[in-house]
Amino acid sequence: MEKDLSIEIRDIGKRYRIGVAERSDTLRDVITNGTAKLGHALSGKRSPHLTSQYVWALRHVSFEVKKGTALGIIGRNGAGKSTLLKILSRVTDPTEGQGELRGRVGSLLEVGTGFHAELSGRENIYLNGAILGMTKKEIDSRFDQIVDFSEIGQYIDTPVKRYSSGMYLRLAFAVAAHLEPEILVVDEVLAVGDADFQRKCLGKMSDVAGEGRTVLFVSHNMSAIQRLTQECLVLDKGQVLMRGPSEQAVDFYLNRGLSKLGERFWEADEVPLNTKPFQPLGIRVLDKEGTVSDSVRSVDPITIEIEYRLEEAVTGLRVGYYLYTTRGEPVFTSFDTDSEESFGQYPVRQAGTWRSRCVIPAHTLNEGRFVLGINASSYGIRRYFQDDQALSFSVDASGGAGTHWPEPRPGSVRPVLDWQIEKTE
Amino acid sequence: MLTENTASNNQVVTLKPNKGWMGIDLQEIWRYRELIYFLTWRDIKVRYKQAVLGVSWAVLQPVITALVTTFVFSTTLNVETPIPYPLFMMAAYLPWHLFSNSMTRSSTSLVANANLLTKVYFPRIIIPVASILAALVDFLITLVILLGIMVFYKVPLTLNIFWIIPFTLLAMLAALTVGLWFGALNVQYRDVQQMVPFVASIWQFLTPVLYPINITDPINNLIFNLNPMVGVVNGFRWALTGGKAPDWTMAISVGVVLLLFVGGLTFFHKMEKTFADVV
């Protein structure tokens, strides 16, 4: 391994076993499965359900990271990002291949790992610090900084079960932020807390990267990825699709596959098993004429269609989308039962195939590229399915408000507003 | 900060498929000694945190058991013991309590700490070890009461008392052995944690904790001593209150524990690579 490399991964793969019948969580299952197998063996029949099935969550992944680099890892849900981070942080072993990490590895697969509700903030700082790999001496010397960063102040000796969720997260992140390993592996921890605190965390993270440590960072937040990392790996179906400067990689990721001409279908292996009874089928963007299109005009109404299947009747279902800019800033959120009227009309949706269609009025969006995230949930009951990067599309603003001045206009919306001009004197 | 970097810069972690059978990295466990300390400390702290009586429970539990069993065995059943029954019973019950507590806790410890297993790396064996150390702290507290009872009955202290140290270690090792086997199995099969209480109570019947036993037949004696807790319990009684000293059968107890311990380590090591995937 070369001197200036901090991480070197060669041909790593991870295989998981799936197959519902094979999952043996209790001894009874082992015994009944065993008996069933014996029965099939005796009768000479083979049951398809009882053969083990394997799935490769990662395969043939190789890459190197130089010391002091911040590398982003992006990819859709199920692309293998989390598995890769788990292997790098040694939580699980690879099935094949090998790698070397030079230096102490700190992993933040979640903040607050090992926090105990009964213990005070002070006690949890020590416990969590030790779990993350800090020595007592290190924690002692950083204790005051951690408390300052967390803004917990006087509550430091209160059991954390009395904390608000914001305080809890702040404290948890504060401990993690003061972990100072040579290699820091971070999973989506910035998706927590309020905007102010998120900004503070991002600042802390870029400090870490600036200090010459190696950072591996997984996130769905493309703007955070672009701010924090110089380079990115794009993962898809357990393989590295590309590696390049973050800006290029983010573009590649947002434009590839995501946007097969304004339409996206979900293949069975892209949908997690636990979305039942909701099964996403497709999402598409339609222009004024009703044709599927990747590029629509701001001066025309834009139609978003979501198709899905329900395997059984679902109560209180709402299907909708988040609209983001490619930098990850939310523009707005809309659900199909947002109006009182449609909410009252669909208390229960029967099993079958459904389509929810939404029209974004003309003169709403500014020019640029937008990302649609889909969400299907029953409020207060369950979230069935969410995909934050379901589809992306471009908006062309020509002819819209103020386009007679050929200058870029900041902002993600471009409404036509009613102005009155009066001479008052 | 600088020293910390230079100290750890040379550390190279290798990721590779875990194929080995044996292999316990004592050096690594030593590096993680502070985590053992903090996990033990957490277990103790959390257990008594919201209890009004706090740590007194560690004392009350065995004392109440002592009172009840004294009443049942000595007063009601008239079991004859060479020394006063409370002393006879407590000298054996305390190490037994340590063992059964440690065994129960360590068997369920991995599942109870599933959130750690799936999020952070550290040598997995730390978890059952820490749970046993937490039980040891309770034991040390109760030991003080036992000494009080001995003073009450005017039992002279001899140098033999130091023998309780190796016997305590043997009890802990036996508990860890069970914990390694059951703990690793419990990750995959939750049935184990349902079974553990039964195993503990059956085991207690097979160990002369509450009643004296006198086996003269050598073959039966040998079989009886395959249970390592027989050696521990008799050893404790002898070290504290005198009587018949442990003989060569002690070697059987030690041998059985060592054998199963090595097996347990191997089994644990084989299973631990999938803990994060199946727990």
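Predicted model: local features only at pLDDT ≥ 70, side-chain atom pairs only at ≥ 80, totals over all residues.
Trainee: How many helices and strands does chain A have?
Mentor: Chain A has 9 helices and 20 strands.

Trainee: And what share of its residues count as buried?
Mentor: Of the 425 residues in chain A, 39% are buried.

Trainee: What about contacts in chain A, how much comes from residues 24 or more positions apart?
Mentor: Taking contacts with a separation of 6 or more, 70% are between residues 24 or more positions apart.

Trainee: Let's look at α4 of chain A. Where is its kink centred?
Mentor: On Arg142(A). The helix covers residues 136–150, and the kink is about 55°.

Trainee: Is Arg142(A) buried or exposed?
Mentor: Arg142(A) is buried. Ile139(A), Ile146(A), Phe149(A) and Ser150(A) of α4(A) are buried as well.

Trainee: What covers them?
Mentor: The cover includes two helices of chain A, α3 (121–131) and α5 (165–177).

Trainee: Which residue follows α4(A)?
Mentor: Glu151(A), and its phi is positive, near 60°.

Trainee: Switching to chain B. At what angle do α8 and α9 pack?
Mentor: About 145°, with the axes 7 Å apart. In chain B, α8 spans residues 164–188 and α9 spans 191–205.

Trainee: Which residues make that contact?
Mentor: From α8(B), Phe182(B), Leu185(B) and Asn186(B); from α9(B), Val192(B), Gln193(B) and Val196(B).

Trainee: How many of those are nonpolar, polar or charged?
Mentor: The contact of α8(B) with α9(B) has 4 nonpolar residues, 2 polar ones and no charged ones.

Note on methods. Residues numbered from 1 in each chain as written. Chains lettered and ligands numbered in written order. Axes fitted to C-alpha atoms, helices over the stretch in contact; angles between N-to-C directions. Helix = DSSP H or I, 4+ residues; strand = E, 2+ residues; numbered from the N terminus. Contact = placed C-beta atoms within 7 Å. Nonpolar A, V, L, I, M, F, W, Y, C, P; charged D, E, K, R; others polar. Buried ≥ 20, exposed ≤ 12 C-beta atoms within 10 Å, placed from the backbone. Bend = angle between axes of the 7 residues up to and from the residue.
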